[in-house]
Amino acid sequence: KYPEPSVFPIANCVATPLYYQSDRVTGESWYYFSVTGKNGTHKDTFTGAQLASGSEFKKRLLSVSPGALFEGTTGQLNMIIRGSLKRIKTVETIDFIGYSKAHEAYIFDKQAVKAGKLYDLNKQDYFDLPKLQIKSLASSPEIRMNTELGKFAEHEMLKNIWEAYGVKGIVVLAFWLGSFFAEQIRAKDQTYPFLELVGDPGTGKSTLLEYLWRASGREGYEGFDPSKSTNAGRFRNFAKIANMPVVMIEGDRTEGNRVSFDFNALKDAYNGRAIMTRGIKNNANDTYEPPFKGSIIISQNAVVNTDEAVMQRIVQVLLKREDCDYNTMMAAKRLQDTPMEKVSGFMFRALSHEQKIMQAYTEHNAKYKELLLSFDTIKTNRLAETHAQISALVHALAHVLPL
């Protein structure tokens, strides 16, 4: 006679492996699981070591899903997931938010844009692009573009910026637009300039920057103070974005034992080279030196005073208190009160018109560089290049706003 079968529970949930993902830089890899139990469905990663041991799997499962319990052996775990792992798909990853030059796509936390087309994050938490499955490992910044362009108040946006800041506002807006294509511009010209937004307190620097962030789908943010940040914190701010601005506020301030930020450290960012280095956590002496993939805005009350080589990389916009009056303050107040859904279409429209914007930039850049070099007051090639790029981007801005 055969013995009676003995049936008993070994888990109170269902854990399903969805795909395999890895970080090429650090060599780390994970399996992305969906765990369904009495407390709903939760998705998170498991390492290879956690799948190779029943006890380690049990510990990780409890962290991923509240109340999820596995009481089986390693052998039983192998039997449960063996078939699923045999046909598991691979999803590529990036460790930043924004434009991936290798994939020619903009990858945000919940949205992606490739060749002007929008893609939403699917139910398995990755983007299914043409011939590409990809996701970002970075959780910030959160970008929420309003893709319903019928709600984009482009006439109101242009009118309020012009009335509040005039020509200077258009220059800052053109620089911001170029930030969305910093990688593409550097691929053509090897450089992208820095912007210095400087002026007395109360001249509207913070209002303009917070508004432009809302126009880029980021709410309640202006920038970070490099003088108050650790080296690790600064590294992350520079490394976690691509084709977006890094805004540095009040880096000139000196308080107590805290010295102001040394802007000479930014010099290599002009060419998109690495400006900081960190060690990789492994058994070797490997370091991680990611190229800078965004743009830099310096916003402060005092004018930047640093080496001439850095100064030549900067386009300066000086806001003066004497230019402020009742009308400019009312226009700035309208900018301040504009909800994000009315202006975040600016970024989506720009990304959707990448080809036209880059074509306009390319056509006008050489013309302006030649013009600027003809001025007797301009003695260096870099100074002409820097300002020609922003002049060309003003023309490109006409593909996004009714300029």
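Reader: In which sense do strand β4 (residues 89-94) and β10 pair, and over how many bridges?

Author: Strands of a sheet pair through backbone hydrogen bonds, either parallel or antiparallel. Here β4 and β10 pair in the parallel sense over three bridges, where pairing requires that DSSP finds at least two bridges between the strands. The names themselves come from DSSP runs, numbered from the N terminus, with helices (H or I) of at least four residues and strands (E) of at least two.

Reader: Which sense joins strand β9 (residues 127-129) to β10?

Author: Strands β9 and β10 pair in the antiparallel sense, over three bridges, and Phe127 stands opposite Ile134 in β10. The two strands make a hairpin with two residues between them, and there Lys131 takes a positive phi near 60°.

Reader: Before going further, how far should I trust the coordinates?

Author: Residues are numbered from 1 along each chain as its sequence is written, and side-chain values use heavy atoms, with hydrogens and water left out. The mean pLDDT of the protein chain is 90, and 95% of its residues reach 70 or more. Confidence is highest in helix α5 (residues 167-179), at a mean of 97, and lowest in strand β14 (residues 278-279), at 68. Where pLDDT is low, the predicted coordinates should not be read in detail.

Reader: How many helices and strands are there in the protein chain, and what percentage of its residues count as buried?

Author: The protein chain has 14 helices and 17 strands, and its C-alpha atoms fill a box of roughly 105 × 50 × 40 Å along the principal axes. Of its 403 residues, 49% count as buried, a word that means under 20% relative accessible area, with exposed over 50% and partly exposed in between (1.4 Å probe, protein chains only). Contact means heavy atoms within 4.5 Å, and of the contacts in the protein chain with a separation of 6 or more, 68% belong to residues 24 or more positions apart.

Reader: Why is strand β10 (residues 132-136) largely enclosed, and how many residues of helix α12 (residues 345-352) are buried?

Author: Four of the five residues of β10 are buried, so this strand is largely enclosed by the rest of the structure. Helix α12 is mostly covered, with seven of its eight residues buried, among them Phe346, Phe348 and Arg349.

Reader: In what order do the five strands of the open sheet stand?

Author: The order is β8-β7-β6-β5-β12, with mixed pairing. At the edges stand β8 (117-120) and β12 (241-242), each with a single partner strand, so one side of each is left without a neighbour in the sheet. Strand β5 (residues 97-100) runs parallel to β12, joined by two bridges, and Ile97 stands opposite Ile241 in β12.

Reader: Which backbone details in the loops should I look for?

Author: Asp125, in the loop between β8 and β9, has a positive phi of about 65° although it is not a glycine. Asn243, in the loop between β12 and β13 (245-249), is likewise not a glycine and has a positive phi of about 55°; at 1% relative accessibility, Asn243 counts as buried. The peptide bond from Ser140 to Pro141 is cis, with omega near 0°, and Pro141 is found in the loop between β10 and α4 (154-165).

Methods. Predicted model: local features only at pLDDT ≥ 70, side-chain atom pairs only at ≥ 80, totals over all residues. pLDDT = per-residue confidence, 0-100.
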